[in-house]
Amino acid sequence: MSDEEVNDLELVSVIGFEGATVQGLNIHPDGLHFVYPLGCKVVVQDWQTKRQIFLSGHTNVVSAIAVSPDGKYIASGQINHMGFKALVILWSFETSQILSKYDIHKVRVESVTFTCDSKHLISLGGRDDSNIIVWNVEKGEAVCGAVANCGTSGSAVLLCRTNLRGHCFITGGEGTLRLWKVIPDRRQLETVDVKFGLIKRHIICIVIDEMDMFAYCGTTTGDVVKVKLNYDSDVNILDPVTNPVLLGCFGKYVGRKKLLAGEEPARYSQGVTALHLWSTNTKCQIIVGGGDGTIELVKELVNTTLPAPSVLRKVKMPSLPQLLVLKSTTVNSAPTSLQMLHMTIFVGTMLSEIFTIDVETFEVKLHVTCHKHAIHDIAFPHEYSEVFATCSKDDIRVWSTETSLELLRITVANFTCTGIQFTCDGKSIISGWNDGEIRAFTPQTGRLIYEIHNAHSKGVTAIAITTGGHRIVSGGGEGQVRVWEIKPTYQKLEGILQEHRGPVSCIRISSSDTEAISASSDGTCVIWDIVRLTRKHSLFANTQFMGVCYHPSDLQVVTTGTDCKIGYWEVYDGSLIREIDGSTSSGLNAIEITTDGEHILTGGNDQYVKVWNYHKGIPTHIGTGHASVITAVRFSPDNRHIISGSSDGGIFQWKSPVVKKWLQESQQSRSHSSRSTRSIGSKQGATEREGEGSSGQVETLDSARSVQGSKGDGTEERKLGEVCTYEEEHVNSVRNIITEGGEGTPKSGNTPKSSGTPKSANTPKSNGTPKSGNTPKSNGTPKSANTPKSNGTPKSGNTPKSNGTPKSGNTLKSNGTPKSGNTPKSNGTPKSNDTPKSGNTLKSNGTPKSGNTLKNNGAPK
């Protein structure tokens, strides 16, 4: 590859769904593929294999999407900046290529649809445009156009095609509902208005029955408007026989009781946001989606018990009680798309989630979810690439790298998580929040381990933890850098480092755990000695530093900021040794270096993910697809994957062009990790150990099913869509949050947690796992079968011990924890009196056990 050659990053998967797009979730006529927008890309996903195809061509967020009835075409429209044209693209479904495109609309495309014969594409412009364009699909040219709004009504916001007449469609919006007819020969559009009289309704969704007899419209008022279209029985006659007639606004029928004077029928809270007609051989029923998340299957009543005529004259009846609810359920937020495949209802919501509902049982299952707000940080466990975590407003989420499914969600309502890190042993997730708290959670169940109150007065803006896990370095909005000592039973402030005069945007710790560097928006980066708690060097530049990263050698650091530059700095004296242009148009917000130090990863306001050659200082690969500012980027520990997050909540996974040599040699090599972290993505979180037949189970959250988790002394079932939630009202009482019989993890302060955790101050640790019975402990020295080690010197059968090294003879198992029936203990090991006993089952910090399985968090199998 030449120095000038720049390749495209291969996009592997996208976690997310643009739920705000009305009718954004489309089922392809083949019944296998789903088409939906995400950012500035159109995603075509095989629902069974979850394989995704990305259609790239838009320059901004996709705002409208449709699939042709014959399945050959996909149409999409986008948003653009004020004063610019908005693009409409026609795609081929088979080849995923652009067939034609036009930019006639201004600023925004509000809705697109195909005619029922798939010969014409119709697009509707937004409030700044309000034009309807009819496009010939085969010829790739515009047929005609017209203004969608008349002078007496509001703006049209959506399109709906008829099912039998290839040149007819309907528009609806604020106080307007119109029938349109396309006349291709004369290049004209004719229209007929539906008269509402004194009734005012804002229409936000429309469906038409199979025979083009009736149209049902969802309104912001919470009722369903039924309109008789009055088309002729001959489908070749395109004009209505008479003007369309409003039959009524239907609310829910609440029973056979008579309505009292002034009483109105029940309506849907927050409006009717989505509709779908379910027609069978004998009946036609309506699936209604309410703005409060209600999904109901209703049927229209023919004969309704209304009040007596004398009472009826006194009752305001803008809505009639004509809808009888047959089945009902709820989802998390307002549905924007309702589709049906076989006997399953697919629901797309405003919170960018996709649910399925079984028509028979009306059970809800969550399949796709993502962050709704900006992603502030991304983290991988130490040397483990199968899962990663992201943080945003209200929650932290753990994802599977392989399947892109959500495994765990930790919710702290009304607060924003600004930074996350996994501890090296994988036992906890350390997070900083804008309320000034530092919280640690278990990565399996999301339980709170401890909480540091008032860590920073203006919120925690950056956080990092040492490899050993004994120190946390945090930065705040007030510009202070604070070093915390972390122990199993307490957390203590070691020192406050005050140099910055602006918010700290990023903190990184050197591999030696003795230095840390903090970047701030005040134009300085400071290198700290976190052992002596002193400043070593300061880096100055005419920029707001947004990201900083140590080179693996700890000899250099690289920085990014609002000046679009990537700076190389010497750690020894803080001097600038090199500066390259990271972007030509906007600042850079995030930076990362591979573990071998050969490549740099950046992301910024230009919405590009770039991979750079560290030594040459040139970009080698560029990834496009984000629709908003990139806020976080990360290489996976094995360098196989690149994860990037943006301010719109999108998470993109790219195939990394950088792969370690040892990974190429062995496909089955797995990264070393603690059991606590490795159990996150597995269906069964415990494995059989040698000599023991039973296995434990840990809790996972599968994004497609209900799951069951084992927690301490009890078992709880969690329905899909429920998440671990940190209750806000217990923020000052940790004991009320961590329930009794938890995971054996110390809460906070000086209170050790649960039975199974030794209280003795003299009890040494061996990866945090106490042993029972006569099991000897060593000081963390790993042993291999029949080959004990003692500072590299093998021992013979009768050789006395030295420095806590057990003798050979009996086979010692597991990494770091020797097991043997009567093997004498090594120096410094407490007697059995100090060792807690609980049958044959002992708990380690944060790891639930079952059966007779003994787990060692530091020894994955």
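User: What links Glu353, Asp395, Arg397, Glu406 and Arg409?

Analyst: Glu353, Asp395, Arg397, Glu406 and Arg409 are joined in a network of salt bridges. A salt bridge here is a side-chain nitrogen of Lys or Arg within 4 Å of a carboxyl oxygen of Asp or Glu. Bear in mind that this is a predicted model, where local features need pLDDT of at least 70, side-chain atom pairs count only at pLDDT 80 or more, and totals for chains, interfaces and linings use all residues. Residues are numbered from 1 along each chain as its sequence is written, and side-chain values use heavy atoms, with hydrogens and water left out.

User: Why is the contact of Lys181 with Glu190 called a salt bridge?

Analyst: The closest N and O atoms of Lys181 and Glu190 are 3.2 Å apart, so the pair meets the cut-off. Glu190 also forms a salt bridge with Arg186, at 3.3 Å between the closest N and O atoms.

User: What makes Lys181 buried or exposed?

Analyst: Buried means under 20% relative accessible area, exposed over 50%, and partly exposed in between (1.4 Å probe, protein chains only). Lys181 has 12%, so Lys181 is buried. Glu190 has 31%, so Glu190 counts as partly exposed.
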